[in-house]
There are 2 protein chains.
Amino acid sequence: VTAFNVIKMLSKEKLVEILSAITAPERVSIDDAELYCYSYDASVHRCRPDAVVWPENAEEISRIVRFANEYRIPVIPRGAATGDMGGALAIKGGIIVDLTRMNKIKEVRIEDLQVTVEPGVVFAQLNQELGKYGFFFPPEPGSGDACTIGGMVACNASGLHAVKYGVTRDYVLSLEVVLPNGRIIRTGPKVLKTATGYDLTRLFVGSEGTLGIITEITLRIRPLPRHFATAVATFDDLIKAGKAVSQIMKSGIVPSALEIMDKLRIQAVNQVMNLALPEAEGTLLIEVDGHPDAIQEEINLISRICQDEGAVSVVCSTDPKEREKLWAGRKAAYAALIRLYKPHIKPIQAFGNDIVVPVSKVPLMLQSIQDISRKHNILIATMGHIGDGNLHPTIMIDVTRKEDWEKAKAAGAEIYQTAIELGGSIAGEHAIGITRAPFIELEHADLIEHWKRIKQAFDPNNIMNPGKIGLDTIPKDPLVFLAYAKYFEGKTDAA
Amino acid sequence: VTAFNVIKMLSKEKLVEILSAITAPERVSIDDAELYCYSYDASVHRCRPDAVVWPENAEEISRIVRFANEYRIPVIPRGAATGDMGGALAIKGGIIVDLTRMNKIKEVRIEDLQVTVEPGVVFAQLNQELGKYGFFFPPEPGSGDACTIGGMVACNASGLHAVKYGVTRDYVLSLEVVLPNGRIIRTGPKVLKTATGYDLTRLFVGSEGTLGIITEITLRIRPLPRHFATAVATFDDLIKAGKAVSQIMKSGIVPSALEIMDKLRIQAVNQVMNLALPEAEGTLLIEVDGHPDAIQEEINLISRICQDEGAVSVVCSTDPKEREKLWAGRKAAYAALIRLYKPHIKPIQAFGNDIVVPVSKVPLMLQSIQDISRKHNILIATMGHIGDGNLHPTIMIDVTRKEDWEKAKAAGAEIYQTAIELGGSIAGEHAIGITRAPFIELEHADLIEHWKRIKQAFDPNNIMNPGKIGLDTIPKDPLVFLAYAKYFEGKTDAA
């Protein structure tokens, strides 16, 4: 299946004319400045699309996709583009379908424990609305203030609370989807459970826009917890912190958050947020929620476990203000890293940065990350949702030095390899996109053939977000190629 | 794609020879008595297979399936055959693959919150083992003492605790599957979360053995709750009970069970179990679990809500013995029905007996069931997991009367139609099998084409459990045809 380049088939003017007739002239652009903006997401890559369109409903999307399918033009659905794996980029050209205008919360049905939204609704906006009823949608990505529900579903995103409350997939009850042939389907009824036939709902969750465009999402919601207890435990050794986590998980407590930050992260946070946290090798942030008596008992037990495992200090609190301060620090941890050093030393969200291992293997994984860091003489700042084994080792490099990129690439590949050897995964919550496509065979060599058959069954012309998840070819070694493009502008360019 | 009849291609002796060479002579049978036994499951249907084989590992299954694929012989995976939709029956002949010898709990990894089992492990056996560590696998079907984990995964089963703890699908982390071509794949790493490519794990969950044979299952487990509070609330009107449920779900409490029984069920239970429950029109059994202080507050609030909604009586208890008695009653409710009347008046688990509607629509659905019962002058005993909108209206008929079967069939179709009109589903937790295949188009007319493409991608020769889920043709009106076969033996027979 070949994806023709739209420019060869149609004049730009004709393309604009057709898309404008489907939507509206002011909702289509081939303007250079606009296309430049849409050539970025939160990844290291850059690829210029041929056009951007802002549809307002499923019918418009159906007509756009039907047209694109006829001309074999790639279609790339896009939310807030907060993804760091290049999933929202037009790596093979084509039309970006920006879904941010479809941002209505359509129905809040509290008795049914359900909410129905358009894909462009922002996570924080949804939870603000649900909060009025004392409910929430738990999976909270780091980008929750900006990312859209559509993007979360497409990437099966999660975050801080997955350890207790699960990931986006666990909350999706029903989807409306525009298929590549333009047909609009609903994947199931809006009920809390059903056992009827193949689970298309969860086939679309995490499919990264490669099977169709999600135009409506019905989510299960949960009652908001009202009481929280938080513990901060510091360790003089990252591995000890990992062992404490194993003991906590074994104890029968289900923390609502269980995060780790290493010294580099803590230093960065202290510097930016002025939190005066002890700059220990490993810091655990642990939270429980529930009934006031229950959380008090649980946080006491957690504190004892941390002390038994050799914590240098453990501080517990049920004060909401204290809690807010701590979480602000945790949430700023990535941004803080960017400001830690000289402007050209930056964290690179591309190499080995979102792995998962079984919880019992966390200490080994942490050890390996330290070894890899030393071996390549490269800074790696680790944090992560350690309670479910999801670690974010972030490699920091001088982005102006080609050698640093090569080192980061090699270190990242070793991190992936180690995670898989420990029975883990290369991707916990940031999906695959372009960045990790070259590594997918490491984990799923025997599955890709079946993925391709499913892809073929839904999208025979490969118009939906081509070049992602390792389903088809991408430029050779895109990881370095595209990353360079961003930093050595004008010299190379993948678009 | 045609499924040849095995008997036409191979002599029976040759079939036994080949299967014996793959497994062992004592683990293959074409004996009449054996095949007679395997022509039943818990459904109303009866279909005689051509052979039964008892494999002991994935390699044997791979070789069986490879052979069957070559000769286009249907292969029907079977656990405890507790399903009431005919999913484990050889409706097109073929080889039953009995998985009950593969009943090892392979690994209990508490720190990782995981357990890995073979498909033939019985639900109760698994929870007995996990209980030693203070953990459990929550979805508890009514048949939990007998049903296998493999069957639960194949059918996405659930039960009493789904309202708080979710369904089987929510706990499956990774599967080993033998595909129809004999290849053995693993659908993902054994980790608590991953976001890599298409979710084959959940595509196999609920696929009812039509895509491959599951040979190993890794489940997430949860800490066992240690304290429970139970409330029994009676109402003089089934609809009022439904409204109380809506108010409970809105309150922010998440009950660990929320069941309804109508008068017929209660009468049956009282008669069999000697429980002396008040024989009201509608009885709610409500349970919460958690910290002792939390559950006391919650059960008090639930009691208040029931009273506000007009309950005739509300009795609360935190006494474990009282709790055990109540749940024994609930669990015996179906068996009790069978004993309620003369021997030939029986509950028929075939027609409209496992629907789901949004919780807010439960009162309307209960009203409709009563109307349908009156209209057809037929007994319908309703109970169900009302907290997640899953109702089990059980039609009772004189099984010796053809007219009763016709009435039940018509009433069942109206129940399905109503559930769908209320935004619900025809199947909550008992899957589709043969029984509901004729009704699948009611709910999923626009999805079946896509299911068929997925089926084709995995099983091009249609050897895996053919005739199920509405994916291919079955004998005309099998519902009545096969049901009759069971009760009018010798006159008609589908096998």
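I take buried to mean under 20% relative accessible area, exposed over 50%, and partly exposed in between (1.4 Å probe, protein chains only). The areas come from the Shrake-Rupley method with a 1.4 Å probe, and for residues only the protein chains shown count as cover.

**Conventions.** I am working on a predicted model, where local features need pLDDT of at least 70, side-chain atom pairs count only at pLDDT 80 or more, and totals for chains, interfaces and linings use all residues. Residues are numbered from 1 along each chain as its sequence is written, chains are lettered from A and ligands numbered from 1 in the order in which they are written, and side-chain values use heavy atoms, with hydrogens and water left out. I use helices (H or I, at least four residues) and strands (E, at least two) as DSSP runs, numbered from the N terminus.

**Entry 1: positive phi in chain A.** I looked up Glu208(A) and found a positive phi of about 55°, although the residue is not a glycine. Glu208(A) sits in the loop between helix H8 (200-204) and S10 of chain A. With a relative accessible area of 6%, Glu208(A) is buried. I then turned to Ile469(A), whose phi is near 60°, again positive in a residue other than glycine. Ile469(A) belongs to the loop between helix H17 (448-458) and helix H18 (478-487) of chain A. Its relative accessible area is 1%, so I log Ile469(A) as buried.

**Entry 2: salt bridges in chain A.** My criterion is a side-chain nitrogen of Lys or Arg within 4 Å of a carboxyl oxygen of Asp or Glu. By this rule I get 66 salt bridges over all chains.

I checked Glu118(A) with Lys104(A), whose side chains meet at 3.7 Å, N to O. Glu118(A) is in the loop between strand S6 (114-117) and helix H5 (123-131) of chain A, and Lys104(A) is in the loop between strand S4 (95-98) and strand S5 (105-109) of chain A; the pair links distant parts of the chain, 14 residues apart. Glu118(A) is buried at 6% relative accessible area, whereas Lys104(A) is partly exposed at 47%.

I next noted Arg109(A) and Glu107(A), which form a salt bridge at 3.3 Å, N to O. Arg109(A) is buried at 18% relative accessibility, while Glu107(A) is partly exposed at 35%.

Arg186(A) forms a salt bridge with Glu216(A), with the closest N and O atoms 3.1 Å apart. Arg186(A) lies in strand S9 (residues 184-186) of chain A and Glu216(A) in strand S10 (residues 213-220) of chain A, so this pair ties together parts 30 residues apart in sequence. I read 30% relative accessibility for Arg186(A), which counts as partly exposed, and 5% for Glu216(A), which is buried. Salt bridges that share partners join Lys106(A), Glu176(A), Arg186(A), Lys190(A) and Glu216(A) into one network.

**Entry 3: strand S6 of chain B.** I count two strands as paired if DSSP finds at least two bridges between them. Both faces of strand S6 (residues 114-117) of chain B are covered: Gln114(B) and Thr116(B) on one side, Val115(B) and Val117(B) on the other, all buried. Strand S5 (residues 105-109) of chain B runs antiparallel to S6(B), joined by four bridges, and Glu107(B) stands opposite Thr116(B). The hairpin of S5(B) and S6(B) has four residues between the strands, and Leu113(B) takes a positive phi near 55° there. Four bridges also join S6(B) to strand S10 (residues 213-220) of chain B, antiparallel. In S10(B), Thr116(B) has Thr218(B) as its bridge partner.

**Entry 4: strand S12 of chain B.** I found eight of the eight residues of strand S12 (residues 228-235) of chain B buried. Phe228(B), Thr230(B), Val232(B) and Thr234(B) point one way, and Ala229(B), Ala231(B), Ala233(B) and Phe235(B) the other. In a regular strand the side chains alternate between the two faces of the sheet. Eight bridges join S12(B) to the antiparallel strand S14 (residues 282-289) of chain B, where Phe235(B) is partnered by Gly282(B). S12(B) also pairs antiparallel with strand S15 (residues 313-317) of chain B over five bridges, where Thr230(B) is partnered by Ser317(B).
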